[in-house]
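Please examine the structure shown below together with its sequence. The explanation that follows begins at one residue and widens from there to the fold.

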Amino acid sequence: MSKFGRSLIDYARTNMPYFGGTTQATPLSTPAYWNQIYKKLKGENFEWAVEPTSLIPTYQSTPGTTHSLLTPGKWLVIGNGTSDLPRLMSSVGGGEVNVTACDFSDTVVEQMKKKQTEVEWVRMDCTEDMGDSEYDGIIDKGLLDGLHLARDTSGVKNVLSNAYRSLLPGGSLFTASYSKGKYLIPILNGGGRGG
């Protein structure tokens, strides 16, 4: 985690003018809040944490992973918002990477269905369900941070539990986060398999 990333999280916890207020007054873990944000963005691309082009080479070379982001198979990008990651994975993967992107905001799902036609877009609340043993890999690039910023630890634990349940045996969960390890790792350990 860079100092910039950490300071962004600290700043966001107290004041997020781009998103219309403070995290104490704004329910970051509700679809209504995000529907308003995505109406303001009008489909404009916004990347949380890291640009998608830098994720693919990183995860292709990560020791101990059984999958890269271009491993053929069925992939789910959770809480995608307006990120370009699903489109990039689909196009660079040469048709062998089947990508589904989801968000719980009806607004962004409808916007992105028009913008990224090569990707399957679904409305899904990942705190409730993601299915059972369906995906070779699941990618989070902001959902856990959003729930963490909203201080919704039960939401974080539910997402992790649902993600692990929806992975096929040997599947991988990737997350790109601004959160410090000392905060996120205990949640990750308690929210997944064996925790």
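D129 has a relative accessibility of 41% and therefore counts as partly exposed; here buried means under 20% relative accessible area, exposed over 50%, and partly exposed in between, with a 1.4 Å probe and protein chains only. Salt bridges that share partners join D129, D132 and R165 into one network. A salt bridge is taken as a side-chain nitrogen of Lys or Arg within 4 Å of a carboxyl oxygen of Asp or Glu. R165 belongs to helix α7 and D129 to the loop between β3 and β4, so the pair ties together parts that are 36 residues apart in sequence. R165 is itself partly exposed, because its relative accessible area is 34%.

This is a predicted model, in which local features need pLDDT of at least 70 and side-chain atom pairs count only at pLDDT 80 or more, while totals for chains, interfaces and linings use all residues. Residues are numbered from 1 along each chain as its sequence is written, and side-chain values use heavy atoms, with hydrogens and water left out.

The chain as a whole contains eight helices and five strands. These are DSSP runs numbered from the N terminus, with helices being H or I of at least four residues and strands being E of at least two. Read from the N terminus on, the elements follow the order α-α-α-β-α-β-α-β-β-α-α-β-α. Of the 195 residues of the chain, 48% count as buried. Among contacts between residues at least 6 apart in sequence, 70% join residues at least 24 apart, where contact means heavy atoms within 4.5 Å.

How are the strands arranged? Five strands form an open sheet in the order β3-β2-β1-β4-β5, with parallel pairing. Its edge strands are β3 (120-123) and β5 (167-175), each of which pairs on one side only. Neighbouring strands of this sheet are turned by 20° against each other on average, direction ignored. Two strands are said to pair if DSSP finds at least two bridges between them. Strand β1 (residues 73-78) and strand β2 (residues 97-103) run parallel and are joined by five bridges; W75 stands opposite V99 in β2. Helix α7 (residues 153-166) lies across β1, β4 and β5, and runs at about 140° to β5. Such angles run from 0 to 180 degrees between N-to-C directions, the axes being lines fitted to C-alpha atoms, for helices over the stretch in contact.

Within the sheet, D136 has its place in strand β4 (residues 135-140). D136 is buried yet has no salt bridge, and K74, the nearest side chain of opposite charge, is 8.3 Å away.

The side chain of K74 has a salt-bridge partner in E134, at 3.9 Å, N to O. Since E134 lies in the loop between β3 and β4 and K74 in strand β1, the pair ties together parts that are 60 residues apart in sequence. E134 is partly exposed, with a relative accessible area of 31%, and K74 is likewise partly exposed, at 30% relative accessibility. In total, the structure holds seven salt bridges.

The side chains of E110 and K113 meet in a salt bridge at 3.6 Å, N to O, and both residues lie in helix α5, three residues apart, about one turn of the helix. The buried residues of helix α5 (residues 106-115) are T107, V108, V109 and M112, and what covers them includes α2, β2 and β3.

Helix α2 (residues 31-41) includes P31, which counts as partly exposed at 28% relative accessibility. Leaving aside its neighbours within four places in sequence, P31 is in contact with F104 and R123. The C-alpha atoms of P31 and D125 are separated by 8.9 Å, although the two residues are 94 residues apart along the chain.

Definitions and conventions
Lys, Arg positive; Asp, Glu negative; His and termini not counted.
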